[in-house]
Amino acid sequence: MDWQRLLNTQRLFKDKEEEAARPNYTMDADRIIFSAPFRRLANKTQVHPLHGHDHLRHRMIHSNEVATVGRSLGMQIGAWLEAEKYIGQGEAHRVAGIIHAACLAHDIGNPPFGHSGEESIGKWFAERFQEPRGVFRGIDAGLWPEFEAFEGNAQGFRILTRLEMYRGDYGMDLSAAVLGAFTKYPMTARTRTALSDHSYVGAKKFGLFQGEAKTYAEVADRLGLIAETAADGSTWWRRHPLVFLVEAADDICYNIVDLEDGYTARDLSFDQVRDLLLPLIESPSNDDNLGSHTEYEKISHYRAVAIGGAIAACVEAFKANHDAILNGTYSNDLIADSALGPAFARIKKTAREQLFVAPRKTKLEVRGRNVIRNVLDGLLPVFDALAERGWDEAKLPDYERQVVRALELDLRGVTDSYSALHAMTDYVSGMTDRYAVDTADMLMGR
């Protein structure tokens, strides 16, 4: 791949547009920040669902922190690419700006209650595909995985390119490079099913719904991404190189700050967090200068310095693997391949064994799963009735019309079963944690 094409910040629907003094990637970041889906991240779970502690992170704080780390990674990599003459002088800012915007959007498609929310949505749909009835009848089985393994990354691309701002036309109309850097899994669910080998890092999941596949194909063509062909003849692509830096920024943040939040929530002790963070710090002697500070202040200090150490390590890992990243053969993550890989592996192990199974978190995840199922159960009669009446909203029975009004369901573009199921997932995945609880209570008559 060629860096000049990879950094193409033209918008898909405005050929040869001259960028103003404010670059497109800056406008992209602004469009994301001012969007309703981004605002809703302020009440979506990061790790601790429905927690009353104001200092614990939610998805919006996480997204802003990831964007900050991503920008730092981009500034350093951009300067290196300039020095190595991969890009022209003065172009480093484009790398940092593209990564910053993509990082802001990286969780924009996540449903309420985090990954447990994704699993709950997927299992609910999988149960109904076992014996398809009503709105579930007549959908191509090749499209079932879009719902059975509901994926927040694919929903995010759908929000950016279809649902938000210029709805139904081209969404937020973001630049090609930002959409490329955003997309971790450049293939549809159908294509992924057709692949016999899922070992490539970009094939671990799917990142595109069938309805947005054509848009991504245009993105890939503009950027010169490497195209591959699956057994069924469909196309998928090697990742945009900046995806690895967006992913690294996410990995750095959630691994390190999850420890800080774990201490705040009293799921991890001070000594545990300190011992996990110090190996990430270049000069642990800093610890000797914090004697008069509180434990919380010390943890905050370790967190800040550890992030700096992780950024430096990921920059070096990117440089070392640059050629493989550019030719599409690199298939790992920068954190794991960095000098700090073993230290991050210990952090992940602690998170799996203690943070993610903490009693309060587990109880609330169970509650969240049931909330999502109750919402979907309450929505289903509306879409079944719509299917029975030829997709004519005006013919809905009184109760179903009341539900549409009460929930402000957007039924524009619902013309068949496939679009109907996506309208359901659009609505459910867009809810905040607390709104989901309130909606479930209303639909269940509580």
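This is a predicted model: local features need pLDDT of at least 70, side-chain atom pairs count only at pLDDT 80 or more; totals for chains, interfaces and linings use all residues.

Ring pairs join W124, F125, F129, F136, W144, F147 and Y418 into a cluster. In total, the structure contains 17 aromatic pairs.

**Aromatic pairs**

- A pair of aromatic rings is described by two quantities, the distance between the centres and the angle between the planes.
- The ring centres of F129 and F136 lie 5.1 Å apart and their planes stand at 80°, so this pair is edge-to-face; planes over 60 degrees apart count as such.
- F129 and F136 are each buried.
- Y263 and F270 also form an edge-to-face pair, with 6.5 Å from centre to centre and 70° between the planes.
- Y263 is buried, as is F270.

**Charges over rings**

- R238 is placed over the face of Y200, at 4.5 Å from the ring centre.
- R239 is placed over the face of F244, where the distance from the ring centre is 5.0 Å.

**Helix α6**

- Helix α6 covers residues 114-130, which makes 17 residues.
- At 1.5 Å a residue, α6 should span 24 Å; its end C-alpha atoms are 25 Å apart, and the two values therefore agree.
- The buried residues of α6 include G114, S116, G117, E118, S120, I121 and G122.
- W124, F125 and F129 of α6 are buried as well, and these three residues belong to the ring cluster.

**Helix α12**

- Helix α12 runs over residues 241-264 and has 24 residues.
- From its first C-alpha to its last, α12 reaches 35 Å, close to the 34 Å expected at 1.5 Å a residue.

**Cavities**

- How many cavities of 30 Å³ or more does the structure hold? There are two cavities of 30 Å³ or more.
- The largest cavity has a volume of about 50 Å³.
- The lining of the largest cavity is formed by L12, F13, L160, T161, Y170, D173, L174, L179 and T215.

Notes: Residues are numbered from 1 along each chain as its sequence is written. Side-chain values use heavy atoms; hydrogens and water are left out. Rings of Phe, Tyr and Trp (its six-membered ring) pair if their centres lie within 6.5 Å; planes under 30 degrees apart count as stacked, over 60 as edge-to-face and the rest as tilted. Buried means under 20% relative accessible area, exposed over 50%, partly exposed in between (1.4 Å probe, protein chains only). A charge sits over a ring if NZ of Lys or CZ of Arg is within 6 Å of the ring centre and within 35 degrees of the ring normal. Helices (H or I, at least four residues) and strands (E, at least two) are DSSP runs, numbered from the N terminus. The expected span of a helix is 1.5 Å times one less than its number of residues. On a 1 Å grid over the protein atoms alone, a cavity is a set of points where a 1.4 Å probe fits but cannot get out, and a pocket is an open set with protein on both sides within 12 Å along at least five of seven lines; lining residues have an atom within 4 Å of a point. Grid points are joined across faces, edges and corners, and a volume is the space filled by probe spheres set on the points.
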